[in-house]
Amino acid sequence: MSAGELRRLFFAELSSGLKVVWPILSGLLGTMVALGIAIGQLEDWPLLDAVYFAFVSGLTIGYGDLVPTLPLSRVFAIGIGLTGVLLVGLIVAVGVRALELTSERQRKG
């Protein structure tokens with residue numbers, strides 16, 4: 001198999017896997033956004049900053065330019081962090097499975 005065929009097969013498997021877990025992924029994304037908006041309301045941040053904070057914190061980048069100060073906001077931020085770990089883990093698991101299936105198909109044919 002050529003590199004192009006392997007790449008196409010991998011992305012087909014990845015797409016198939018993401019379709020299967022899409023309800024879970026969308027729930028996790030929705031949870032992150034909702035928690036970010038809640039923090040934004042509590043901290044009086046603009047909506048865009050609140051969503052930005054949710055994804056930067058959820059993806060464990062955490063630049064530190066926006067920091068929740070209220071205790072409830074901090075609890076919600078912990079929730080964002082946990083949700084982000086689940087989100088990234090799920091995407092990585094789907095990617096690894098797609099790579100395994102691609103590798104198996106390469107060995108067979």
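A patch, as the word is used here, is made of residues with over 30% relative accessible area and no salt bridge, and nonpolar side chains are joined within 5 Å. The structure described is a predicted model.

**Nonpolar surface patch**

Tyr52, Leu59, Ile61, Tyr63, Val88, Val92 and Val96 together make a nonpolar surface patch of about 620 Å². Helix H3, which spans residues 71-108, contributes three residues, the largest share of this patch. Val92 is placed in helix H3. With a relative accessible area of 48%, Val92 is partly exposed.

**Aromatic pairs**

Rings pair if their centres lie within 6.5 Å, and planes over 60 degrees apart count as edge-to-face. By this rule, the model holds two aromatic pairs. One of them joins Phe10 and Phe11: the ring centres are 5.3 Å apart and the planes stand at 70°, so this pair is edge-to-face. Phe10 is partly exposed, at a relative accessible area of 21%. Phe11 is also partly exposed, at 49%.

Trp45 and Phe53 likewise form an edge-to-face pair, because their ring centres lie 5.3 Å apart and their planes meet at 65°. Trp45 counts as buried, at 16% relative accessibility, and Phe53 is buried as well, with a relative accessible area of 6%.

| Pair | Distance between ring centres | Angle between planes |
|---|---|---|
| Phe10 and Phe11 | 5.3 Å | 70° |
| Trp45 and Phe53 | 5.3 Å | 65° |

Conventions:
Residues are numbered from 1 along each chain as its sequence is written. This is a predicted model: local features need pLDDT of at least 70, side-chain atom pairs count only at pLDDT 80 or more; totals for chains, interfaces and linings use all residues. Side-chain values use heavy atoms; hydrogens and water are left out. Rings of Phe, Tyr and Trp (its six-membered ring) pair if their centres lie within 6.5 Å; planes under 30 degrees apart count as stacked, over 60 as edge-to-face and the rest as tilted. Buried means under 20% relative accessible area, exposed over 50%, partly exposed in between (1.4 Å probe, protein chains only). Patches are made of residues with over 30% relative accessible area and no salt bridge: like charges are joined within 9 Å, nonpolar side chains (Val, Leu, Ile, Met, Phe, Trp, Tyr) within 5 Å. Accessible areas come from the Shrake-Rupley method with a 1.4 Å probe; for residues, only the protein chains shown count as cover. A salt bridge is a side-chain nitrogen of Lys or Arg within 4 Å of a carboxyl oxygen of Asp or Glu. Helices (H or I, at least four residues) and strands (E, at least two) are DSSP runs, numbered from the N terminus.
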